[in-house]
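Please find below a short note prepared for the discussion of this entry.

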Amino acid sequence: MSPRVLQAFLQAELQPIKSRTLWRELGSSGDEGVQLLRNHRTLSSTEQSRLESLDLDSLDKAVSSGIRPIGFSAYPETLRNWVDYPIGLFGWGDWSCANAPTVAIVGTRGASTYGKAVAMKFAEAFARAGITVVSGGAIGIDGAAHKGALAVGGKTIAVLAGGVDRWYPAIHRGLFQQTRESGCLISQFACGVKPNPYRFLQRNCLIAGLSRATVVIEAPERSGAIYTANRANEMGRHVFVVPANIENINFRGSHALIRDGAVLVDHPDLVMDALGVLPSETIEETSPISEIASKILSNLSTTPLAVEFILDRTGLPMSDVIGELTLLELEGRIIHDAGGYALKP
């Protein structure tokens with residue numbers, strides 16, 4: 001697959017059926033296919049306009065850095081079975097991890113401490129079992145899912161809403177670097193393309209199409225995660241939902257999915273059982289804890305609690321509480337954010 005021809009096709013953003021028809025006609029033309037596509041009689045004025053901004057310089061830089069085209073012959077079965085599969089992708093990293101069982105973990109950018117902890121817990125369990133975790137690279141649930149898989153040495157795929165060389169959000173540059181080294185970054189858009197709003201919905205379709213199952217962790221009623229789940233359902237893929245407090249508006253979309261027939265899950269093993277994947281037999285060793293730590297834990301829940309309330313409930317000195325909270329967090333027993341400390345789900 002010629003990188004330049006694929007760049008031109010993705011730049012034009014053709015509809016799936018049209019792109020396949022033209023690819024059969026022009027895809028084997030080598031770099032000449034770029035000009036043939038520009039002049040093709042079937043292109044609309046909008047498609048021709050997009051091709052006017054074709055950026056081959058960005059492509060050349062991308063290819064020199066290790067980015068490669070991915071064609072249909074290299075697609076995993078999940079992607080081949082999607083009716084609207086893209087004509088090609090650009091990938092950066094180890095694309096072979098797409099051939100393992102794949103599960104998408106999606107949710108809101110404005111995730112709660114509980115939601116991010118659950119995403120990490122599910123991603124860690126999936127990764128230990130040899131499942132590749134798929135998500136969109138965004139802050140919130142997406143980022144927690146990628147981090148969870150990477151934390152246990154697993155594989156993860158970040159599906160980007162712009163060119164695979166345009167890392168967004170910038171705050172995840174380090175995470176994208178880790179993903180590229182231990183998994184793969186992919187995009188159905190031309191190299192150099194910015195992640196414009198409408199492209200996120202297309203990105204979400206690709207997440208669903210690449211995954212055998214989609215797990216929704218925390219999603220408001222109108223959100224990209226709900227859109228992803230709906231597309232996965234249309235494709236006949238498994239859709240699972242992790243429930244939470246019914247008063248939390250960030251979970252109203254999630255709970256609506258359950259009412260509409262999505263499967264409620266409270267443990268990653270339930271997802272793996274549905275996919276026929278054996279859970280990892282890794283046993284996590286836990287060290288004994290002090291009497292002070294035990295008292296702190298007995299006063300915590302999955303809802304974050306500020307330090308002053310922990311002090312009030314336990315009656316312990318601040319120096320003891322702060323020291324034990326630090327140790328408990330390092331041991332992975334509790335989690336911490338601006339709202340305070342909470343038990344890890």
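This is a predicted model: local features need pLDDT of at least 70, side-chain atom pairs count only at pLDDT 80 or more; totals for chains, interfaces and linings use all residues.

1. Helix α7 (residues 113-128) packs against helix α8 (residues 141-151) at an angle of about 35 degrees, and the two axes lie 7 Å apart. The crossing of α7 past α8 is right-handed. On the α7 side the contact is formed by Gly115, Lys116, Ala119, Met120, Ala123, Glu124 and Ala127, and on the α8 side by Ile141, Ala144, Ala145, Lys147, Gly148 and Ala149. By class, the residues of this contact comprise eight nonpolar, two polar and three charged.

2. For helix α11 (residues 224-234) and helix α12 (residues 252-259), the axes come within 9 Å and cross at roughly 20 degrees. Since angles under 35 degrees count as roughly parallel, α11 and α12 are therefore roughly parallel to each other. The crossing of α11 past α12 is right-handed. Ile226, Ala229 and Asn230 of α11 meet Gly253, Ser254 and Leu257 of α12. The residues of the contact between α11 and α12 are three nonpolar and three polar, with no charged residue.

3. The peptide bond that leads from Tyr168 to Pro169 is cis, and its omega is near 5 degrees. Pro169 is located in the loop between β5 (156-159) and α9 (173-182).

4. Glu13 is a residue other than glycine with a positive phi, near 50 degrees. Glu13 belongs to the loop between α1 (3-12) and α2 (16-26). Is this residue, Glu13, buried or exposed? With a relative accessible area of 14%, Glu13 is buried, because the cut-off for that class is under 20%.

Notes:
Residues are numbered from 1 along each chain as its sequence is written. Side-chain values use heavy atoms; hydrogens and water are left out. Axes are lines fitted to C-alpha atoms, for helices over the stretch in contact, and angles run from 0 to 180 degrees between N-to-C directions. Helices (H or I, at least four residues) and strands (E, at least two) are DSSP runs, numbered from the N terminus. A crossing is left-handed if the near helix is turned anticlockwise from the far one by less than a right angle, and right-handed if clockwise. Contact means heavy atoms within 4.5 Å. Ala, Val, Leu, Ile, Met, Phe, Trp, Tyr, Cys and Pro count as nonpolar, Asp, Glu, Lys and Arg as charged, and the others, Gly among them, as polar. Buried means under 20% relative accessible area, exposed over 50%, partly exposed in between (1.4 Å probe, protein chains only). Angles under 35 degrees count as roughly parallel, over 145 as roughly antiparallel, 65 to 115 as roughly perpendicular and the rest as oblique.
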